[in-house]
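Have the sequence and the 3D view ready.

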Amino acid sequence: MTLDIREGDRRAAFDAALNAYGPDSLYVPPLWSDFDRMFDAAKNPFVTEGHGRYALFSAHRDGRPVGRIAASIHDASNRKHGTRHGAFGFFDCVDEPDVADALLGTAEQWLAARGMSRIAGNFNLTAMQQIGVMTDGFDHAPFTDMMWSPPHIARHLERAGYAATFPMTTFEIALDGGKPEQLLGDKQRAVLTDPEFVWQPIKRSAFKVRLEDARLILNDGFADNPMFVPPTAAEYLFQAGDMMWIIDKRISTVVYHRGRPAGAIIAIPDLNPLIKAIGGRVGLSAPFRFVQHRMMNTRAVLIYQSVCRDLHNRGLNGAMLYRTALALQEAGYRTLGGTWIADINAPSLRQVEKAGATPLQRLHLFTKRLAAP
């Protein structure tokens with residue numbers, strides 16, 4: 001049987017993971033429209049604004065796509081951190097060593113030829129998008145914006161000489177019977193009663209204004225985090241702009257302190273059951289299915305929360321999570337998923353523990369030194 005690697009075939013790369021894992025797996029594809037525009041170099045600000053470059057490869061067994069991988073270089077990150085690091089992302093394939101080796105080898109050669117000294121992944125394509133490779137919790141269905149891959153992906157990476165690093169965990173919080181008041185101490189209660197803090201929902205009528213303020217808060221609050229590169233307005237809108245169509249104004253908030261953006265908590269309904277049901281492609285029945293899903297869905301996911309650095313340790317983070325937990329309960333949500341938190345982020349881990357979170361999945365980044373071409 002023949003195996004060949006092709007570059008730039010977006011439809012094949014999209015189909016490859018579905019072909020590799022099958023309909024009975026817990027894998028959930030992205031929406032095809034999102035995947036297609038992400039790898040359209042004429043549309044993605046990551047390329048058009050000169051922040052980075054990438055190539056997308058697919059593996060074909062007798063003409064059928066059975067694997068994929070993206071190789072990328074975040075030039076802005078390398079400039080900020082003084083590194084020559086490249087990344088792989090969207091690494092999915094059948095459980096066949098020659099397919100995995102061919103994809104990894106292609107990505108490594110692409111990066112080494114451009115002067116990179118190390119490769120790490122998954123990064124889809126930046127640290128602000130999905131990252132990591134699953135290493136435990138394979139039986140748990142992922143929420144929106146969470147990775148899922150079968151055990152053989154990590155196994156093939158280790159066999160190919162990659163080392164697991166930067167451990168992370170995703171979480172799930174049962175809202176029924178939860179006790180959000182456990183998040184409250186004196187500082188959090190003081191924030192909730194302080195009239196200088198103004199709480200604004202993210203609703204469609206002011207969506208772009210709130211989204212831009214949320215970006216400013218993200219960039220300030222995460223400025224000292226490892227791997228973080230602040231997204232520009234165009235990058236953030238490219239990634240988050242479609243939230244306008246699914247946002248639930250009851251559960252996402254931007255907080256202002258003395259009139260300036262201070263804190264943001266972004267939570268959205270979990271769309272994964274719907275996207276899995278339609279195979280990632282929006283057909284004629286999608287609007288009906290969306291309405292049906294909206295009426296029946298009881299799962300939400302916390303995408304991120306951030307507080308400007310001058311307000312760290314003032315209780316705003318806990319106060320935001322407390323109000324959001326109450327709002328989720330009142331809106332009828334029963335389960336909240338939480339995207340990854342790194343093991344080194346002790347304050348965030350303590351906070352989700354107070355909220356009653358249970359670990360869902362374990363992820364690592366996998367890294368390897370590259371030989372000069």
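Start with Arg159, which forms a salt bridge with Asp101; their closest N and O atoms are 2.9 Å apart. A salt bridge here is a side-chain nitrogen of Lys or Arg within 4 Å of a carboxyl oxygen of Asp or Glu. Helices (H or I, at least four residues) and strands (E, at least two) are DSSP runs, numbered from the N terminus.

Before going on, note that this is a predicted model: local features need pLDDT of at least 70, and side-chain atom pairs count only at pLDDT 80 or more, while totals for chains, interfaces and linings use all residues. Residues are numbered from 1 along each chain as its sequence is written, and side-chain values use heavy atoms, leaving out hydrogens and water.

**More charged pairs**

Side chains of opposite charge can pair when their charged atoms come close.

Next come Lys368 and Glu108, whose side chains meet in a salt bridge at 3.3 Å, N to O. Lys368 sits in strand S13 (residues 358-369) and Glu108 in helix H5, so this bridge ties together parts 260 residues apart in sequence.

How open to the outside are the partners? Buried means under 20% relative accessible area, exposed means over 50%, and partly exposed is in between (1.4 Å probe, protein chains only).

| Residue | Relative accessible area | Class |
|---|---|---|
| Arg159 | 43% | partly exposed |
| Asp101 | 34% | partly exposed |
| Arg10 | 25% | partly exposed |
| Asp36 | 22% | partly exposed |
| Lys368 | 22% | partly exposed |
| Glu108 | 15% | buried |

Salt bridges can also join up: Arg61, Glu96 and Asp98 are linked in a network of them. How many salt bridges does the rule give? The count comes to 21.

The protein has 42 positive and 39 negative side chains, and the centres of the two sets lie 4 Å apart. For that tally, Lys and Arg are positive and Asp and Glu negative, with His and the chain ends not counted. Each charge is placed at NZ of Lys, CZ of Arg, CG of Asp or CD of Glu.

**A buried alanine**

Now find Ala16 in helix H1. Ala16 is buried, with a relative accessible area of 0%. Which residues does Ala16 touch, leaving aside neighbours within four places in sequence? Pro65, Val66, Gly67 and Arg68 are its contacts, where contact means heavy atoms within 4.5 Å. The C-alpha atoms of Ala16 and Gly67 are 4.9 Å apart, although 51 residues separate them along the chain.

**The whole protein**

Zoom out and you'll find 13 helices and 13 strands. The radius of gyration is 21 Å, close to the 21 Å the globule rule gives for 373 residues, so the protein is as compact as a globular protein of that length. The radius is taken over C-alpha atoms, and the rule is 2.2 Å times the number of residues to the power 0.38.

Of the 373 residues, 53% count as buried. Among contacts with a separation of 6 or more, 78% come from residues 24 or more positions apart.
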